[in-house]
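Here are my notes on this model, point by point. Please read them with the coordinates open.

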Amino acid sequence: MSHGPNIRYIVQAGGSLQGTARVAGDKSISHRSIMLGALAKGTTRVTGFLEGEDSLNTLKAFKAMGVTIEGPDQGKVTIEGVGLRGLKAPKAPLDMGNSGTAMRLMSGILAGQAFDSTLIGDASLSKRPMKRVTNPLALMGARVDSQGEKGFPPLVIHGGSPLKGIHYDLPMASAQVKSCVLLAGLYAEGETSVTEPAPTRDHTERMLRGFGYDVKTEGNRMSLVGGGELTATDIDVPADISSAAFFMVAASIAPNSDVVLQHVGINPTRTGVIDILRLMGADISLSNEKEVGGEPVADIRVRSAQLKGIAIPESLVPLAIDEFPVLFVAAACASGTTVLTGAEELRVKESDRIAVMATALQQMGISATPTEDGCIIEGGQLTAPTSPIQSHGDHRIAMASAIAALKVNSGAVVIDDCANVNTSFPGFVSLAAGLGLAIRQELPA
Ligand code: S3P
């Protein structure tokens, strides 16, 4: 579980960022590397694995289902795959901690097993909607119980139901739901397909192909035929663009900054943050572009720039969905008004990121007006909050608020409830401090 002590960040106002860094491994790809490695035939070797609580929970879940996994040791993990039908019944509920991705993708895999299983999570995950996955799974013939009208965890998955392929029109742009249906499709009779209302991250499709499974992408429709097998492969996990984003914004807003972020995943379904920042006037350049294991990577150089407010194109929202907490900070530091619309999914993330970030910015003297599906932010001078910012246990709120301190006029920004930064970015504080952020952490008395 991700309930560490209630870590507090204290970040002194001002400063600039300089240097070169490789941020933590990609969370989405790390989860999937364990899942597909476990279900493949043969040995999968992963490098660059994110040793954060979320992906470690996925690793533990497969160990609990009889898969031999060595590591992680400095990002290296070795998985002895058991094949699609080789998992064993877990003896206890599988704890997905804080991770919506883990719970939603695992539900697809577990629906196809012969045994029963239960998925549980922490307080935040226990309030996140799972109907979005239990609905399509039920159409495929799976039996999954959830709690209440919204379908909260725990999810009790009754094994042994034969699955049949379906076509599913995703009601929302969600890579987690798409992936859940496609992973269940591995166990289904016939073809399983989804159409998505807007492009979402395609790591599942890419990695399935890397494991030798035929997945078709035709426009906004993805499909596969059940009953095949996965063949082990090696996976080089790029640095997470969602973690790099904190320093992309930091180097943009802090004067005299020049930062290079190495080996960052630049899959086009994830680069909305670069496009949005460039539209705002950011100075971002890419070099060393190459492909590793089916995923494009590059070094990203960011230098200070005067940002300007924009109307964020709705087409970019799903491509930057996890970066909005720190993009709110960019908007607060820009000249003029930034308007975000079409982002109602932010309300059902690890926290209600629209409400929580608007409150954090208001505490720092910025006009931020939440709307149902977004926010209107007037750029201005940030001031030190008079009471600690509450991250609501949301890792990205904690890190985004820390970055805002760079543009606070004096004093310090104090942020509470930061233990969950370990879910996605262990080492954030030391990496940020190394680049020049005046951050320290303590356990409140
Ligand atoms: C993820 C998909 C996104 C994203 C999450 C990771 C994934 O969620 O917010 O952090 O790895 O598939 P949704 O599918 O709910 O948009």
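1. Helix 9 against helix 11. Pro325, Val326 and Val329 of helix 9 touch Arg396, Ile397, Ala400, Ile403 and Ala404 of helix 11. Contact here means heavy atoms within 4.5 Å. The axes of helix 9 (residues 324-333) and helix 11 come within 8 Å and cross at roughly 20°. Helix 9 and helix 11 are therefore roughly parallel to each other. The cut-offs are under 35 degrees for roughly parallel, over 145 for roughly antiparallel and 65 to 115 for roughly perpendicular, with the rest oblique. The crossing is right-handed, that is, the near helix is turned clockwise from the far one by less than a right angle. Axes are lines fitted to C-alpha atoms, for helices over the stretch in contact, and angles run from 0 to 180 degrees between N-to-C directions.

2. Basis. This is a predicted model: local features need pLDDT of at least 70, side-chain atom pairs count only at pLDDT 80 or more, and totals for chains, interfaces and linings use all residues. Residues are numbered from 1 along each chain as its sequence is written, and side-chain values use heavy atoms, leaving out hydrogens and water. Helices (H or I, at least four residues) and strands (E, at least two) are DSSP runs, numbered from the N terminus.

3. The order is 23-24-1-25, in an open sheet with mixed pairing. Strands pair if DSSP finds at least two bridges between them. Strand 23 (389-390) and strand 25 (439-442) each have a single partner strand, so one side of each lacks a neighbour in the sheet. Helix 11 (residues 395-404) packs on this sheet, touching strand 1 (8-12), strand 23, strand 24 and strand 25. Its direction makes about 175° with that of strand 24. Strand 23 runs parallel to strand 24 (residues 412-416), over 2 bridges. Gln390 has Asp416 as its bridge partner.

4. Cysteines. How many disulfides are there? The count is 0, taking a disulfide as a pair of cysteine sulfur atoms within 2.5 Å. For Cys375, the nearest cysteine sulfur is that of Cys333, 14 Å away. Cys375 is buried, at 1% relative accessible area. Buried means under 20%, exposed over 50%, partly exposed in between (1.4 Å probe, protein chains only).
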